[in-house]
Amino acid sequence: QRELVESGGGVVQFGGSLRLSCAATNLIFKHRDMSWYRQAPGKQRELVAIIRSDGTTNYGDFVRGRFTISRDNAKYTTSLQMNNLKPEDTAVYYCFSEREGYADYWGQGTQVTVSS
């Protein structure tokens, strides 16, 4: 079975925090880079953060130290801790699994809404 299941989205006030989680099966987690993307209404999907199989990370410029991506290789999960949330962070957040030469996988998405 190959699937990604996100959880942790919701409604939060300006300046609040949320923690998103993505549960994967072994087949689409080990040796793979795991990412979070987001898509706001009327906008293109954009990279929020990536954590590679070797543990290195990169973030979108808009993150500016507010978010932290992590992975638990024993539990096949990746998480995104989001602090100091702003209304412009409102979007559907997607988990993504990739490995060069292999198929990519997307989760179904989880809604994050930040009220002002």
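The model is predicted: local features need pLDDT of at least 70, side-chain atom pairs count only at pLDDT 80 or more, and totals for chains, interfaces and linings use all residues. Residues are numbered from 1 along each chain as its sequence is written, and side-chain values use heavy atoms, with hydrogens and water left out.

A search of the whole structure finds 5 aromatic pairs. Rings of Phe, Tyr and Trp (its six-membered ring) pair if their centres lie within 6.5 Å; planes under 30 degrees apart count as stacked, over 60 as edge-to-face and the rest as tilted.

One of the pairs is Y37 with F96, which is edge-to-face because the ring centres are 5.7 Å apart and the planes stand at 85°. Y37 belongs to strand β4 (residues 33-39) and F96 to strand β9 (residues 91-98), so this pair ties together parts 59 residues apart in sequence. Strands (E, at least two residues) are DSSP runs, numbered from the N terminus. Y37 is buried, at 18% relative accessible area, and F96 is buried at 6%. Buried means under 20%, exposed over 50%, and partly exposed in between (1.4 Å probe, protein chains only).

Y94 and W106 also pair edge-to-face, with 6.2 Å between centres and 90° between planes. Y94 lies in strand β9 and W106 in strand β10 (residues 105-106), so parts 12 residues apart in sequence are tied together. Y94 is buried at 14%, while W106 is partly exposed at 37%.

Y37, Y94, F96 and W106 form one aromatic cluster. Over the ring of Y94 sits the charged end of R45, 3.8 Å from the ring centre. A charge sits over a ring if NZ of Lys or CZ of Arg is within 6 Å of the ring centre and within 35 degrees of the ring normal.

Technical notes: Helices (H or I, at least four residues) and strands (E, at least two) are DSSP runs, numbered from the N terminus.
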